[in-house]
Each structure stands twice: as structure tokens, then as C-alpha cells.
Amino acid sequence: LQETLSQSELTTQMKLALPLAFFVLMSLLNAQGANEKLFKTAQCAGTLCPGGCCPHAGWYCCADNTHCSADAADCPSPCTGTMCPGGCCPHAGWFCCSDNTHCASTAGNCPSLATWEKLIKMADMKTEEQTM
């Protein structure tokens, strides 16, 4: 019983650690200056691009009008699908979901906050059951 409990605890910890590790990795990549999102401002101390202000002076304005980079090679690939506020949806004509991380064939297929809350509660209940 202790081996199973230890393994389930490890599995739970790994499920929690993976998103954190992904976030840290993405932060490090952005810190290295691969490319940056543009932002709207009245005064731009960096490079003024058609899509907004790049926080770095002398950087290249990417063709997607949402990013800038140290040079053109670091710009994101062009979007061949639907361009959403959170990035490129690989499917043309799809709907951009309000969470800015998903796209779906219709608005009704977008994940809702209620769905995410249910999944989190289910995971918490399963964890509680395993620790009893």
C-alpha cells in the first residue's frame, strides 16, 4: 500500500510540476530575446512597429504585426490558420476562444471556465481518495 501511495503522490507532483517547468522554460526563452509581443502605448521608447511598440530599440518588426525580434529569423512562422489574440490557431476559419489559449471549430466547442473548474475538483477528489 505504501508503494502505491508513494507512486500516486509522485504522479500528482509530476502533473503539477510539468506546467510549472513549461512556464519557466518559456520565460527563459523570452528572456533570451527570441521575440517579444508588441504592446499599445502613446509613447514608445523602443522600436515603433505597425502593430504597436516593441520594447527594444533597433529590433525588427515581424510580419505578423504582433511580434518584434532581434532579427527576422527569430520572428514566429506565419500563421496559415486563424490568427487569434493568443497566437496562431493552426486551423483556418476556426473560432478564437475567450481563454486566449484555445481555438475550436465553433464557440460552443471552446473549453469553459466551468469545465476547467470541474476537472480541477475531480483531480483534487481523486488525490484525496488516494491519500485516505
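**Cysteines and their surroundings**

Guide: Cys84 is buried, with a relative accessible area of 11%; buried means under 20%, exposed over 50% and partly exposed in between, using a 1.4 Å probe and protein chains only. This is a predicted model, in which local features need pLDDT of at least 70 and side-chain atom pairs count only at pLDDT 80 or more, while totals for chains, interfaces and linings use all residues. Residues are numbered from 1 along each chain as its sequence is written, and side-chain values use heavy atoms, with hydrogens and water left out.

Visitor: Which cysteine is joined to Cys84?

Guide: Cys96, through a disulfide with an S to S distance of 1.9 Å. A disulfide here is a pair of cysteine sulfur atoms within 2.5 Å. Cys84 sits in strand S6 and Cys96 in strand S8 (residues 95–96), so the link ties together parts that are 12 residues apart in sequence. Strands are DSSP runs of E, at least two residues, numbered from the N terminus.

Visitor: Is that link left-handed or right-handed?

Guide: Left-handed, with -80° about the S-S bond. Cys96 is partly exposed at 24% relative accessibility.

Visitor: How many disulfides does the structure hold?

Guide: There are 8. One of them joins Cys49 to Cys61, S to S 2.0 Å. Cys49 belongs to strand S2 (residues 47–49) and Cys61 to strand S4 (residues 60–61), so this pair ties together parts 12 residues apart in sequence. The link is left-handed, at -85°.

Visitor: Cys49 and Cys44, buried or partly exposed?

Guide: Cys49 is buried at 7%, whereas Cys44 is partly exposed at 26%. Cys44 forms a disulfide with Cys53, the sulfur atoms being 2.1 Å apart. That link is right-handed, with 75° about the S-S bond. Cys53 is buried, at 3%.

Visitor: Changing topic: what does the side chain of His67 make a polar contact with?

Guide: The side chain of Asp64, at 2.7 Å. A polar contact is a pair of N or O atoms within 3.5 Å; within protein, one must be able to donate a hydrogen and the other to accept it, and residues adjacent in sequence count only if both atoms are side-chain atoms. His67 lies in strand S5 (residues 67–69) and is buried, at 12%.

Visitor: And what else does His67 touch?

Guide: Not counting residues up to four places away in sequence, His67 touches several residues, including Glu36, Tyr60, Cys61 and Pro76. Contact means heavy atoms within 4.5 Å.

Methods. Helices (H or I, at least four residues) and strands (E, at least two) are DSSP runs, numbered from the N terminus.
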